[in-house]
Amino acid sequence: MEQQQTEEQPEAKQEQRISANRRRYAFPLTLLAVCLVLGGYILWNQYGGSKYEKGADFSYTDTDGNTVTLANTNGSVRLLYFFFSYCPDVCPPTTFLMSQAQDELKKEGLFGDKVQFLSVSIDPTRDTPERLKEFAGKFDADLSGWKFLRGDEKETADLARKYQILVTKDDEGNFGHMNLIVLLDKKGRIRDWISANDYFANGDKNLPLSDFVKKIKDAM
């Protein structure tokens, strides 16, 4: 019996040493794991690993003949909306929604400086500068911070697809498009695709204007 107890003592001591080592190194190893995860997160955000995708470059002419690009509007949060003024359904209420957001942002001194709206026509043949000015006037659009833009029709459809917005045109020349507003931050990164229909097409279930404005401000 005594011999058996003697033989078990080294094993017991070894288990004690292992247990002590586990306790000794458990906290440093946990801390190292946390540091690695945190460091990876910081690097991911600093060096292009952000979940936000860079918006596609563009160059358009506004109603006063000025060139508006993605680069020369950087520094401001932007709403990018593909539309056409002869739209029979979603474009007018969406533009009205944007005009309401414009007024709310102006109350806080954010519109034009911190936030810009860019409405790009997918029907530039009919949407002349004069027509776009007329359309903008119906919604009291402040053209100092809200640009109504036009360019080549095919290039605009291609650009919309780069922003994951489908634009169509049938054999009779009728246009169609996804009614989404692209939210770009001040660095030109896509922060969100906002469904304008959520704010006017669902009756009692419509989201409030304050939700729309908050999405814009959250991108600042």
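Q: What share of the chain's residues count as buried?
A: Of the 220 residues, 38% count as buried. Buried means under 20% relative accessible area, exposed means over 50%, and partly exposed lies in between, with a 1.4 Å probe and protein chains only. This is a predicted model: local features need pLDDT of at least 70, side-chain atom pairs count only at pLDDT 80 or more, and totals for chains, interfaces and linings use all residues. Residues are numbered from 1 along each chain as its sequence is written, and side-chain values use heavy atoms, leaving out hydrogens and water.

Q: How many helices and strands?
A: The chain has 5 helices and 10 strands. These are DSSP runs numbered from the N terminus: helices are H or I with at least four residues, strands are E with at least two.

Q: What order do the strands take in the open sheet?
A: The order is 1-10-9-4-5-6, with mixed pairing across 6 strands. Two strands pair if DSSP finds at least two bridges between them.

Q: And which are the edge strands?
A: Strand 1 (53–54) and strand 6 (146–149). Each pairs on one side only.

Q: In what sense do strand 5 and strand 6 pair?
A: Parallel, over 4 bridges. Strand 5 covers residues 115–121. Serine 119 has phenylalanine 148 in strand 6 as its bridge partner.

Q: Switching to the core. Which residues touch the most other members of the largest nonpolar core?
A: Leu79, Phe82, Phe117, Tyr163 and Phe212. The core holds 54 residues. A nonpolar core is a set of buried Ala, Val, Leu, Ile, Met, Phe, Trp, Tyr and Cys residues joined through side-chain atoms within 4.5 Å.

Q: Which strand gives the most to this core?
A: Strand 4 (residues 77–83), with 6 residues.

Q: What does phenylalanine 212 touch?
A: Leu79, Leu97, Met98, Ala101, Ile181, Ile194 and Tyr199, not counting residues up to four places away in sequence. Contact means heavy atoms within 4.5 Å.

Q: Helix 5 next. Where is lysine 215, and what is it in contact with?
A: Lysine 215 is in helix 5 (residues 209–218). Leaving aside neighbours within four places in sequence, lysine 215 is in contact with Leu183, Asp192, Ile194 and Tyr199. The C-alpha atoms of lysine 215 and aspartate 192 are separated by 8.5 Å, and the two residues are 23 apart along the chain.

Q: Is lysine 215 buried or partly exposed?
A: Partly exposed, at 28% relative accessibility.

Q: What about threonine 94, buried or exposed?
A: Buried, with a relative accessible area of 0%. Threonine 94 is in helix 2 (residues 91–107). Beyond residues up to four places away in sequence, threonine 94 touches Tyr81, Asn179, Ile181, Ala196 and Phe200.

Q: How many disulfides does a search of the whole structure find?
A: It finds 0. A disulfide here is a pair of cysteine sulfur atoms within 2.5 Å.

Q: How many salt bridges, then?
A: The whole structure has 11. A salt bridge is a side-chain nitrogen of Lys or Arg within 4 Å of a carboxyl oxygen of Asp or Glu. In one of them, aspartate 64 meets lysine 133 at 3.2 Å, N to O.

Q: Where in the chain do aspartate 64 and lysine 133 sit?
A: Aspartate 64 is in the loop between strand 2 (59–61) and strand 3 (67–69), and lysine 133 is in helix 3. The pair links distant parts of the chain, 69 residues apart. Aspartate 64 is exposed at 52%, while lysine 133 is partly exposed at 38%.

Q: What does aspartate 123 bridge to?
A: Arginine 126, with the closest N and O atoms 2.6 Å apart. Aspartate 123 is buried at 3%, and arginine 126 is partly exposed at 38%.

Q: Which side chain of opposite charge is nearest to arginine 131?
A: Glutamate 134, 4.3 Å away. Arginine 131 is buried yet has no salt bridge. For charge, Lys and Arg count as positive and Asp and Glu as negative; His and the chain ends are not counted.
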